[in-house]
Amino acid sequence: MKVIHFISGGDTGGAKTHVLSLLKNLLKLNTDVSLLCIMEGIFTEEARALGIPVKIIPQEKRYDIRVFKKIADYINESGADLVHCHGARANYITVFIRKRVKAPMITTLHSDYKLDFAGSFKKNLIYTPINAFALRRFSCILTVTKAFRDMMDERGFDPKKLKVIYNGIDMENIPPVMPKEEFLKTYCPGLPENVLLVGIAARFQKVKGVDVFIKAAEALQGKCRNCRFLIAGSGDDEADLKAYVEDHNLKNICFLGNVPYEDIDSFYNALDVNVLSSYSESFPYALLEGGRQKKATAATAAGGVVEMIENGKTGFLSPTGDPKALADNIYKLLNNKDLREKTGEAFYNKIEKDFSLKSMAQRHIKIYNEVINDEKI
């Protein structure tokens, strides 16, 4: 079985982690997989470093339609049995190549497609309807949460085409981490010693709720003088977020910039509390990665997060868009070391039991075979 994974190549965050982890483990299971992208970036660099075959067919602008025929021809000439798409841009291109491509095409829904372009009026107006149109034409849609499957069902998508596959993380080969002091000297020099650290790793886009995290830090600035808030990431809202921090004189916040794949486990290792404050979520790796380091978790009850975190046992949940409630949960954890350790250990055990990488890859192979066989009938 030969499977091409099609994604823009400019992706970061959870989608990048998901695709790279999946392809790495599909290769381990002797599946012939490769990556097709339309741009170079950190994503493609990390894929090559993992030994994943990468093909680039450049598309500089979304409206550059000249590459569509090249992409379709490449897929057909490769002899692929199936094409697995990821992300709005790849989905958008399938609208124009679907009838030319001989192999069945499926996609993974990593986020709520109606919110992917929420931060840009123009992009939302143009690309959200195209993405919705494209999604209805795939042979199968993989959703990373039951909540997303139910959402798509409610929106009139064919329930027979919807399959749930939870994100998985490698619990057999946990990456080594650099000492906490070394990580902090590299990414946030000058921090006082022995402060408690609260962190978030997220794209700087409206849907990720980094503004909620910042306002929670603001609420705790006078209340918790022995803590600092670390923000790892970048994105469209970076200037606005940094301006808010500066305008409100928030001295307890440190922007780390993008933390590369090889250092992200060291980021979580340095924390006392891992936070995700999204307005909408799928099944976030940011929580799985923190949980693998046995870190206490405070998150908003968005999407698949509620399928991952059992409130009060494996972490603490607050309503989306509510910085005060999030701050209360963070403060509760910062002031109780035993509670941090207990919930961190419980979350680690939950991940080890239910969200392994091997089981995720095996389920993909099963669905690939089902789709390929259905297309032959």
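**Ground rules.** I am working with a predicted model, where local features need pLDDT of at least 70, side-chain atom pairs count only at pLDDT 80 or more, and totals for chains, interfaces and linings use all residues. Residues are numbered from 1 along each chain as its sequence is written, and side-chain values use heavy atoms, with hydrogens and water left out. I take helices (H or I, at least four residues) and strands (E, at least two) as DSSP runs, numbered from the N terminus.

Entry 1: I traced the strand order as 3-2-1-4-5-6-7, in an open sheet with parallel pairing. Two strands pair if DSSP finds at least two bridges between them. At the edges I found strand 3 (54-56) and strand 7, each pairing on one side only. Neighbouring strands are turned by 25° against each other on average, direction ignored. I then checked strand 1 (residues 2-6) and strand 4 (residues 82-86), which are joined by four bridges. There, Ile4 stands opposite Val83.

Next I looked at the helices on this sheet. Contact here means heavy atoms within 4.5 Å. Axes are lines fitted to C-alpha atoms, for helices over the stretch in contact, and angles run from 0 to 180 degrees between N-to-C directions. Helix 4 (residues 88-97) touches strand 1, strand 4 and strand 5 (105-109), and makes about 135° with strand 4. Helix 6 (residues 146-154) touches strand 5, strand 6 (140-143) and strand 7, and makes about 165° with strand 7.

Entry 2: Strand 12 (residues 296-300) pairs with strand 13 over three bridges. I noted Ala298 and Phe316 as bridge partners.

**Entry 3: a helix pair.** Helix 13 (residues 323-334) packs on helix 14 (residues 337-354) at about 105°, with the axes 6 Å apart. That makes helix 13 roughly perpendicular to helix 14. I use these classes: under 35 degrees is roughly parallel, over 145 roughly antiparallel, 65 to 115 roughly perpendicular and the rest oblique. From helix 13, Lys332, Leu333 and Leu334 meet Lys337, Leu339, Arg340 and Thr343 of helix 14.

**Entry 4: the cores.** A nonpolar core is a set of buried Ala, Val, Leu, Ile, Met, Phe, Trp, Tyr and Cys residues joined through side-chain atoms within 4.5 Å. The largest one has 97 residues, and Ile71, Leu256 and Phe267 have the most contacts inside it. Helix 15 (residues 357-376) gives the largest share, eight residues. Another core of 31 residues lies apart, with Leu241 and Leu326 among them. I also listed contacts of Ile71 beyond four places in sequence, including Phe6, Leu36 and Ile97.

**Entry 5: Ile165.** I found Ile165 in the loop between strand 7 (162-164) and helix 7 (180-187). Is Ile165 buried or exposed? Ile165 counts as buried, because its relative accessibility is 4%. The cut-offs are under 20% relative accessible area for buried, over 50% for exposed, and partly exposed in between (1.4 Å probe, protein chains only). Its contacts beyond four places in sequence include Leu142, Val144, Met360 and Ile367. Phe355 is 190 residues away along the chain, yet the two C-alpha atoms are separated by 9.8 Å.
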